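Hi,

Here is the structure I said I would pass on.

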Amino acid sequence: MRFEEAYESWNSGRLSQEEAASLLGVSERSFRRYLHRFEAEGMSGLLDRRLEECSMRSAPVDEVLALQEQYRNRYQGWNARHFHSWYKREGGSRSDSWVKTHLQASKELALMGITTVEAANRYLDGRLAIFHGPRKLAEYDREDKRLPLSEAA
């Protein structure tokens with residue numbers, strides 16, 4: 001049920017505040033807050049104001065761009081953990097998961113799979129095998145599409 005319908009029903013006396021709140025799926029106190037905002041500002045008063053504000057925890061755009069530029073120019077091909085250790089030594093203050101998330105979002109760092117030449121081995125026929133230590137994790141064809149286990153052997 002939309003707020004306007006609940007408001008009209010409450011205003012005409014068909015519903016109590018408790019019943020109107022229940023229909024909307026909010027607490028009675030939240031319904032009263034909505035009432036005050038609706039009466040003061042109309043429907044625009046019910047919009048979520050948190051969406052208009054920037055998070056206080058978000059990094060400045062300059063810092064994110066500098067991180068991406070640093071990775072692109074000096075550390076291309078490094079995995080996130082190794083890059084983060086150098087990032088911290090050079091005065092970076094963000095966590096390793098923050099660094100990894102922002103590099104992946106900018107497509108600088110692969111989401112999954114091959115990030116460096118050293119992490120992958122190509123067979124003579126062009127298939128690609130990704131290794132993690134002594135254990136092979138996956139095989140890929142010439143177009144870097146993962147092969148089913150039956151074709152990989």
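Let me start with the charges: Arg94 and Glu63 are joined side chain to side chain by a salt bridge, 3.0 Å from N to O. By salt bridge I mean a side-chain nitrogen of Lys or Arg within 4 Å of a carboxyl oxygen of Asp or Glu. This pair links distant parts of the chain, with Arg94 in the loop between H5 and H6 and Glu63 in helix H4, 31 residues apart. Glu63 is partly exposed, at 24% relative accessible area (buried is under 20%, exposed over 50%, partly exposed in between, using a 1.4 Å probe and protein chains only).

Before going on, the ground rules. This is a predicted model, where local features need pLDDT of at least 70 and side-chain atom pairs count only at pLDDT 80 or more, while totals for chains, interfaces and linings use all residues. Residues are numbered from 1 along each chain as its sequence is written, and side-chain values use heavy atoms, with hydrogens and water left out.

Back to the charges. The whole structure has five salt bridges. Another one is Arg74 with Glu90, at 3.5 Å from N to O. That pair also links distant parts of the chain: Arg74 is in helix H4 and Glu90 in the loop between H5 and H6, 16 residues apart. Arg74 is exposed at 57% relative accessibility, and Glu90 is partly exposed at 39%. Then there is Arg32 with Glu28, whose closest N and O atoms are 3.7 Å apart. These two sit four residues apart in helix H3 (residues 28-41), so about one helical turn separates them.

For the overall fold, the protein has seven helices and three strands, in the order α-α-α-α-α-α-β-β-β-α along the sequence. Helices (H or I, at least four residues) and strands (E, at least two) are DSSP runs, numbered from the N terminus. Of the 153 residues, 29% count as buried.

Now the inside. The largest nonpolar core has 12 residues, including Leu67, Tyr71, Phe83, Tyr87 and Trp98. H4, H5 and helix H6 (96-105) are the elements that give two or more residues to this core. Apart from it lies another core of nine residues, among them Phe3, Leu15, Leu35 and Phe38. A core here is a set of buried Ala, Val, Leu, Ile, Met, Phe, Trp, Tyr and Cys residues joined through side-chain atoms within 4.5 Å.

Which rings pair up edge-to-face? The search finds 12 aromatic pairs, and Tyr71 with Phe83 is an edge-to-face one, at 5.1 Å centre to centre and 85 degrees between the planes. Tyr71 comes from helix H4 (residues 61-74) and Phe83 from helix H5 (residues 80-89). Tyr71 is buried at 1% and Phe83 at 0%. The rule is that rings of Phe, Tyr and Trp (its six-membered ring) pair if their centres lie within 6.5 Å, with planes under 30 degrees apart stacked, over 60 edge-to-face and the rest tilted. Elsewhere, Phe3, Tyr7, Trp10, Phe31, Tyr34 and Phe38 form one aromatic cluster.

Finally, Arg94 turns up again, over the face of Trp98 at 5.1 Å from the ring centre. Arg89 lies over the face of Trp86, at 4.7 Å. The test is NZ of Lys or CZ of Arg within 6 Å of the ring centre and within 35 degrees of the ring normal.

Cheers
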